[in-house]
Amino acid sequence: SEQKLQLVRGRIRAFPDFPSPGVCFRDITPLLKDPAAFCAAIDLMEDHLRKTYSQIDVIAGLDSRGFLFGPTLAQRLGIGFVLIRKKGKLPGATESVSYSLEYGKAELEIQADAVDPKQKVVIIDDLIATGGSLWAACTLLKKLNAEILECLVLIELKTLEGAKKVTPFKLCSLLQYD
Ligand code: PRP
Ligand code: HPA
């Protein structure tokens, strides 16, 4: 497991001052290109969820990079995957919430019938920075009366204190950076 974590850590690149001055962008594209490292990341997420929860009903992934990890994880666990998307992409009745992120502002939506009340949901994304996106995702799932088990990300940017923003919900991360 420590070995898998090293494999994953070795496939994350840092780009200073992208997309704007002062932001150090953590780039996961080397991870996605390396099947062993990509698999190790999914393995670690799956292991963590299996040992932490006896039941999970749904994985909810954030647009767009949560979609890189969520569906595979849901398939591994034998459960469904639901989309939390940027505004205007989902048809039918939706809930929406606006939020701020590390370098901008946006609005997220979920379909009103995406989850049933009381369903146990894990929310997945690649990375937490300010926590604005995951806070918005939690807010949407709360509106649908889902039970949020935790937010799970590959990367946590510690100095931005995103974990505080998603309180009272639990945040778990595979890798932490200052
Ligand atoms: C990035 C990242 C997270 C979010 C983290 O996505 O993938 O979803 O920002 O920032 P926060 O914790 O400050 O909210 P982005 O909104 O850039 O969209 P993308 O996944 O489509 O690139
Ligand atoms: N890296 C990748 N995605 C991000 C970041 C980052 O540092 N901050 C917000 N989204």
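Reader: Which elements each supply at least two residues of the shell around ligand 1?

Author: The model is a predicted one, in which local features need pLDDT of at least 70 and side-chain atom pairs count only at pLDDT 80 or more, while totals for chains, interfaces and linings use all residues. Residues are numbered from 1 along each chain as its sequence is written, and chains are lettered from A and ligands numbered from 1 in the order in which they are written. A residue is near a ligand if its C-beta atom, placed from the backbone, lies within 6 Å of it, and helices (H or I, at least four residues) and strands (E, at least two) are DSSP runs numbered from the N terminus. The elements that each give at least two residues to the shell around ligand 1 are strand 7 and helix 5.

Reader: How many polar residues does the shell around ligand 1 have?

Author: Ala, Val, Leu, Ile, Met, Phe, Trp, Tyr, Cys and Pro count as nonpolar, Asp, Glu, Lys and Arg as charged, and the others, Gly among them, as polar. Of the 16 residues around ligand 1, Ser64, Leu101, Ala129, Thr130 and Ser133 come nearest. By class, the shell has five nonpolar and five charged residues, and its polar residues number six.

Reader: Which strand gives the largest share of the shell around ligand 2?

Author: The residues around ligand 2 are Val23, Cys24, Phe25, Arg26, Glu102, Leu127, Ala129 and Leu157. They divide into six nonpolar, no polar and two charged. The largest share, three residues, comes from residues 24-27, which form strand 2.

Reader: Where does Ser64, joined to Asp63 by a cis peptide bond, lie?

Author: Most residues other than glycine have a negative phi, and most peptide bonds are trans. Between Asp63 and Ser64 the bond is cis, with omega about -5°. Ser64 lies in the loop between strand 3 and helix 4.

Reader: Why do the buried residues of helix 4 line one face?

Author: A residue is buried if 20 or more other C-beta atoms lie within 10 Å of its own, exposed if 12 or fewer, and partly exposed in between, with C-beta atoms placed from the backbone. In helix 4, Gly70, Leu73 and Ala74 are buried. Seen down the axis of helix 4, the directions to the C-beta atoms of these residues fall within an arc, so they line one face; the arc is 100°.

Reader: What covers the buried residues of helix 4?

Author: Two residues are in contact if their C-beta atoms, placed from the backbone, lie within 7 Å. The cover includes helix 3, strand 3, strand 4 and strand 7.

Reader: Which residues touch the most other members of the largest nonpolar core?

Author: A nonpolar core is a set of buried Ala, Val, Leu, Ile, Met, Phe, Trp, Tyr and Cys residues joined through C-beta atoms within 7 Å. The largest one has 46 residues. Leaving aside neighbours within four places in sequence, Ala60 is in contact with Val82, Ile84, Val121, Ile123, Ile124, Ala137 and Leu141. The residues that touch the most other members are Ala60, Val121, Val122, Ile123, Ala137 and Leu141.

Reader: Is Asn145 buried or exposed?

Author: Asn145 is in the loop between helix 5 and strand 8. Its phi is positive, about 60°, although it is not a glycine. With 11 other C-beta atoms within 10 Å, Asn145 is exposed.
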